[in-house]
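Subject: Structure for you to look at

Hello,

Here is the structure I said I would pass on. Please open it and keep it beside this message while you read.

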Amino acid sequence: MSERLKNKKLLVLGSTKLIASIVQKAKDMGVFVGVTDSRPLEQAPAKNIADAYYFIDFSHEDEVVELIKKEQYDGLLTGFTDSYMEYYLRICQKAGLPCCGNNNSIQIAIDKSAFKKACKENNVPVIPGITVSCYDEALDFAKKIGYPLMLKPIDNSGSRGVIKCEGEGELKSAYEYALSFSKAKMVIVEKYLDCDNMAVSYFAADGEIRISTTDDRKVYVSEESGSSVSSYSVYPSKYTERYIKEVNDNVISMLKNNGFDNGMISLQAFVDEHSFYFCEMCYRTSGGQHYILTKDQNDIDQLALLIEYAVTGNCRKSWDCEKETPFFKENIAMLRVIGTPGKIIKRLEGFEEIKSDKSVITAYSSKNIGDEIGKSGTTAQVVGNVLYRFSKDEDPHAAADRIISRLRVKDENGESIIWYSID
């Protein structure tokens with residue numbers, strides 16, 4: 001254990017299975033970890049491995065602050081969902097704890113309209129679109145730009161509320177659907193782009209920002225709603241060199257100019273022969289857990305750095321930023337295991353088993369037995385992730401078949417309720 005971390009205490013907001021990975025990492029580093037939210041113990045994987053747990057919902061911010069002061073926690077951390085981030089920010093501010101972000105950067109990360117504005121101000125290209133607060137504005141935009149369109153709430157994540165609109169006859173219902181997922185009651189209406197999709201991540205420490213990963217993303221598109229969820233990614237992206245040449249400097253400037261000084265940053269973009277078109281970002285640990293790959297390929301443990309920052313206020317000296325590169329030594333794939341919406345999981349096996357495969361970096365389920373698989377085209381439909389190495393000569397379908405054939409996720413009738421989508 002680093003001397004800087006000796007006797008340090010970290011409080012984590014949230015207790016989901018993904019957040020349990022933060023708890024386990026902090027414990028491995030010798031940090032005392034507490035977890036709080038309103039979930040009962042039997043539904044809270046992170047609480048079950050924590051050193052201490054509490055049943056204070058973090059929306060009760062003052063109670064959490066009181067807990068932090070009473071138990072003398074040195075840092076606060078959360079991740080994996082935008083809905084936690086404003087609570088995290090305000091609690092850090094009230095308790096005087098280190099925080100990844102400020103009012104401005106967190107707002108840009110969770111509000112798609114604010115993100116597009118920040119991009120435009122820094123010459124970062126975005127999808128042609130408009131933010132509207134009434135249907136007539138959406139209709140006027142549609143008449144100018146044409147169909148198909150994508151509609152999305154400005155303030156939600158995980159593809160919730162995102163819907164494709166093929167024509168004017170669908171626009172009213174699509175607008176109302178997207179609006180129903182927005183607390184701010186505002187919707188982004190964008191031109192639908194039928195082109196390649198990529199993602200990029202950065203790490204920041206004390207104002208220094210470096211590109212970490214790039215990947216080409218395949219998405220599963222819901223036939224029901226037209227919304228989509230990332231289903232398969234290959235690292236590094238075939239567009240990496242072009243990305244660095246054309247837009248990387250402007251993206252870093254946008255991040256620096258808006259206070260993204262510490263932590264993990266991820267962005268998504270479409271790309272064609274003309275340009276890159278950014279559509280959204282997150283300022284937190286992401287569900288794809290790309291930081292596992294930076295550890296595997298570049299020996300940079302970004303999650304450990306994030307924890308160190310949370311409890312000490314600085315991780316710059318521990319970060320060898322010169323080792324950050326998206327040009328990995330090997331080809332890596334992230335396969336998302338997709339489930340049948342509405343099905344209840346009665347059997348969930350194989351994720352631990354496939355870790356014995358030498359090509360598998362990690363595999364994890366984001367669901368538990370008894371969980372219902374969520375809405376099609378959203379992250380609630382994802383049952384788990386597998387990160388693995390593959391050779392340039394290996395057919396991606398064959399590799400995916402080899403991995404997923406060893407997973408057993410079944411309903412009450414004993415029928416398999418999972419598949420993958422990589423086309």
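I start with helix 3. The exposed residues Asp62, Glu66, Lys69 and Lys70 sit on the face of helix 3 turned away from its buried side. Please keep in mind that this is a predicted model.

The buried residues of helix 3, which spans residues 61-71, are Glu61, Val64, Val65, Leu67 and Ile68. Seen down the helix axis, these buried residues fall within an arc of 160°, so they line one face of helix 3. They pack against strand 1, strand 3 (52-54), strand 4 and helix 4 (85-95). Glutamine 72 follows helix 3, and its phi is positive, near 60°.

Next is strand 1, one of the elements that helix 3 packs against. Five of the five residues of strand 1 (residues 9-13) are buried, so the strand is largely enclosed by the rest of the structure. Lys9, Leu11 and Leu13 point one way from strand 1, while Leu10 and Val12 point the other way.

Which strands pair with strand 1 in the parallel sense? One is strand 2 (residues 32-36), through five bridges. In that pairing, the bridge partner of leucine 13 is threonine 36. Between the two strands the chain passes through helix 1 (residues 17-28), and this β-α-β crossover is right-handed. Another is strand 4 (residues 75-77), which runs parallel to strand 1 and is joined to it by three bridges. Here leucine 11 has leucine 76 as its bridge partner.

There is also an open sheet of four strands, in the order 5-8-6-7, with antiparallel pairing. Strand 5 (129-132) and strand 7 (163-165) stand at its edges with a single partner strand each, so one side of each has no neighbour in the sheet. On average, neighbouring strands of this sheet are turned by 25° against each other, direction ignored. Strand 6 (residues 149-153) pairs with strand 7 over three bridges, in the antiparallel sense. In this pair, methionine 150 stands opposite lysine 164.

Helix 6 (residues 112-121) touches strand 5, strand 6 and strand 8 (187-191), and its direction makes about 55° with that of strand 8. Helix 8 (residues 168-179) touches strand 5, strand 6, strand 7 and strand 8, and its direction makes about 25° with that of strand 6.

Now the nonpolar cores. The largest has 88 residues, of which Tyr202, Tyr243, Leu267 and Phe278 touch the most other members. Helix 12 (residues 302-312) supplies the largest share of this core, eight residues. Another core, of 25 residues, lies apart from it; among its members are Ala333, Ile403, Leu407 and Tyr420.

Leaving aside residues up to four places away in sequence, tyrosine 243 touches Met198, Val200, Tyr202, Ile211, Asn248, Val251, Phe276 and Phe278.

Regards

Key:
Residues numbered from 1 in each chain as written. Predicted model: local features only at pLDDT ≥ 70, side-chain atom pairs only at ≥ 80, totals over all residues. Heavy atoms only, no water. Core = buried A, V, L, I, M, F, W, Y, C linked by side-chain atoms within 4.5 Å. Buried < 20%, exposed > 50% of the residue type's maximum accessible area, 1.4 Å probe, protein only. Contact = heavy atoms within 4.5 Å. Pairing = 2+ DSSP bridges. Right-handed = clockwise from strand over helix to strand, strands pointing away. Axes fitted to C-alpha atoms, helices over the stretch in contact; angles between N-to-C directions. Arc of directions from axis to C-beta.
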